[in-house]
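Q: Please take a close look at one helix pair in this model. A connected account of the packing, with the criteria behind each term, would be appreciated.

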Amino acid sequence: MDDALSRRAGHTLLGRHDELAVLDRLVSAVRAGHSGALVVRGEPGIGKSELLRHVIEVASPACRVERAAGVESEMELPYAGLHQLCGPLLDRMDRLPGPQRTALEAAFGLSASAAPDRFFVALAVLGLLSDVAAEQPLVCVVDDAQWLDRASLQTLGFVARRLGVESVALVFAVRERDDELAGLPELKVGGLRGDDARALLSSVLLGPLDRRVADRILAETGGNPLALLELPRGLTGAQLAGGFVVPDGVPLSGRIEENFRRRMEHLPPDARRLLLLAAAEPVGDPALLWRAAARLGIPPHTASVAEREMLMEIGTRVRFRHPLVRSAVYGAASAAERRDVHRALAAATDPEADPDRRAWHRATAVAAPDAAVADELERSAGRAQARGGLAAAAAFLERATALTVDPALRAERALEAAQAKLEAGAPAAALGLLALAEAVPLEELQRARVDRLRGQIAFASSRGADAPRLLLRAAKRLEPLDGRLARETHLDALQAAMVAGALGDRMLEVVARSARAAPRAPGPRIAADLLLDGVAVLFTDGHAAAAPLLERALAETPDETWTRWPWLAAMIAWELWDVETYSAVAERQVALAREAGAITTLFPALSMLAVACVHAGDFEAAQALLDEAAALADVTGVTPWAYARIVLSAWQGRQPDALETIEAAVRDASARGEGLLLAFGELFTAVLHNGLGDYPAALVAARQASNRIGLGFVARALPELVEAAVRSGEPDAAAAALARLRELTRSHVTDWALGVEAYATALVDGDEHADAHFRAAVQHLTRDGRAAYLARAHLLYGQWLRQQDRRREAAQQLHLAHDLFATMGAEAFARRAARELLATGEKVRNRTGQMSRPLTAQEAQIAQLARDGLSNPEIGDRMFISRRTVEYHLAKVFTKLGIRSRRELETALPAHAKP
């Protein structure tokens, strides 16, 4: 509702002093050159739109104001809401960097490009807003954000979290909390209280109101302003005086809608049809509305009737008084009336300019299956998917399924729709479509595909024991039908069983045996075959038997293996102590995913690479990758992987924070059935406690982790178990762990494996040969480049030398260990090395300047990227912030470091910040 319509409504914002003060402070801050975001949250009718209107009034004319409003029927159309907000700004697109401009053009359908990179779409929007704000402060108001399409809401949430020094404010109005806006400042709007509520109610009454009736209205509405204004309308004096009754069990929004319906009953038929036409047309385009109205024979003067009733206004846009008016109008219409207006809207929509919305109107206009319309919807689904709109594609396919006559084609479309629903993050809807597919006779291959998809849905939903069982059943069913797909499904089942781990009711062994027995598909062996063979043998016959197969899988088909199964390839490399392949897989996946804009692939790749950085001792790079993963989560809504966070926090050694991180991840994993994360939690709890010098606690955790079944982490757990057992006075346990460790290292001639085995051997033997073993460990790990493990070797060697009363040599090793740990930020291990140094009589060099840097994490990352030669726009693209924010932080960096130019960053940055 615009300002003119608001003034005609005849009421003021009673009882909103505190809320208005918050909004006024936000606008004042923007006018003063600052940025901000605010989520105004409250139930329908509580006054959110009125508060947004106040923002617009106080912001104008000093600020430029742009608006958007969510429309429920457009929720499946990707970037529809964003187009509303940014449409007036598109004349500035030429000022954006090329990739951002290309992505935004693809998102808005201005080019025939492939699916837009959501990172660049978000950066483009941030750039547009920043460019406008450089000339005039900008206030963006988004009403009914809960009805925005997910792509738009994710993008705007991303932008809102990254407003830096731009004079931009983003204000959202929502009914309920939304994960896409989580973390933004919130203004909770409640009902009016006491005299304010009574005064608002009295303002719309034409006669006396019994106090008991007033009290009941106030109680039942909870002070909701729209309910207070609307419920008494149309009631007779007798009703008001004798006991107003609202039917029990009707939600507030339903009661409000019912009052709107009663008011519409007295309108002429043409006025009601025009309101219905406007309700069914989500864009608010008056030209389109009048073209459709002409097809229905509705004369132009009809609009004045609806406007006199203050239900709708037609200006530059078609606006309803309140979103509930739209739903009330549409809900009151019969199915036949709805089909009539959608048919008119379809005929009035340009098939070239807007084929997808035309297809949707056509689909809503038909009462029975229609092959032509279903085909058109399928084409719309393809276009939506190409533009990155998975939810829209799923909606089109779902409707196409309902309109398909041929049973076989109907089943096939139901399967495609179910797959799209799953990929769009709607597993429950996918299950419903599977049931629809199963309602008709299916071919055997289709039934097997149903089973496979059911297993994939179970894995996406819970990651528990159900997923491997379902996938295993699907794989067996596929074996006589499609050998290749069967083996890939066996591989899916194995991965699901590995993730379920200890919570999977021993399904890993069952799935592995079944995979080994699976018949080979005709033709040459491909990556899936090699991976399946190697992983299945690992879990049936053990590491020694599987190692040659796993090595072959990584070596012979790197392109397919690393691209299609990067997580599995990386975990196999971890099992084989092949740090080069692990890092190469992660780095390649990050590069490919960034180049292609493949967000779902980039997310786990960043986590894998972060783990590699931690073990290389580059905690800062690992944190930067985790920050990038968090930015991914903002855009996609996907929960970041907890593995890399656990690894980094354990090595950093900040006990309360690390334990909280690990325990929270384990709780979440237990609820989901992700047993693999439990094992990682145990392993890195052992790392944490070994760093802290709490060896009994480390021993308990390492024992638990070393008895798990999985890829990679057992080999990491055994060295922790050796050290904890030695320090806890349990030599037998240490010797047994060393024997198991040698089984996992002797077949792999890598410096990492040989170095870890050497210092574990020295710990257990502790005799005159220990010196040679420690020296070998240092040599291997120096060549390997695993700085975290090299520092461990120096520390253990130094401790042993001190115990042998070789203090000078001990001090040399311990200084090396302390410097390495302090430089990388391994605080617990650094303190442990410092204690050992003090025991030798040495002074500990103060490294606090490097362990607690004057630059914030974001400033440090920007400084490093600038030092490496990236321009400000390039830094903004990498970190998902605007160019102006980069400039602002670089200025702070220069001030803190006492420099004047980028050229001085090379010498001014702390040593450990350099590659």
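A: Helix α23 passes helix α25 in a left-handed crossing, a term for a near helix turned anticlockwise from the far one by less than a right angle (clockwise would be right-handed). Helices here are DSSP runs of H or I with at least four residues, numbered from the N terminus. This is a predicted model, in which local features need pLDDT of at least 70, side-chain atom pairs count only at pLDDT 80 or more, and totals for chains, interfaces and linings use all residues. Residues are numbered from 1 along each chain as its sequence is written, and side-chain values use heavy atoms, with hydrogens and water left out.

α23 spans residues 444–461 and α25 spans residues 483–500; they pack at an angle of about 20 degrees, with their axes 11 Å apart. Axes are lines fitted to C-alpha atoms, for helices over the stretch in contact, and angles run from 0 to 180 degrees between N-to-C directions. The angle therefore makes α23 roughly parallel to α25, the term for angles under 35 degrees.

On the α23 side, the contact (heavy atoms within 4.5 Å) is made by Arg452, Gln456 and Phe459. α25 contributes Leu485, Glu488, Thr489, Asp492, Ala496 and Val499. By class, this contact has four nonpolar, two polar and three charged residues. Ala, Val, Leu, Ile, Met, Phe, Trp, Tyr, Cys and Pro count as nonpolar, Asp, Glu, Lys and Arg as charged, and the others, Gly among them, as polar.

Technical notes. Helices (H or I, at least four residues) and strands (E, at least two) are DSSP runs, numbered from the N terminus. Angles under 35 degrees count as roughly parallel, over 145 as roughly antiparallel, 65 to 115 as roughly perpendicular and the rest as oblique.
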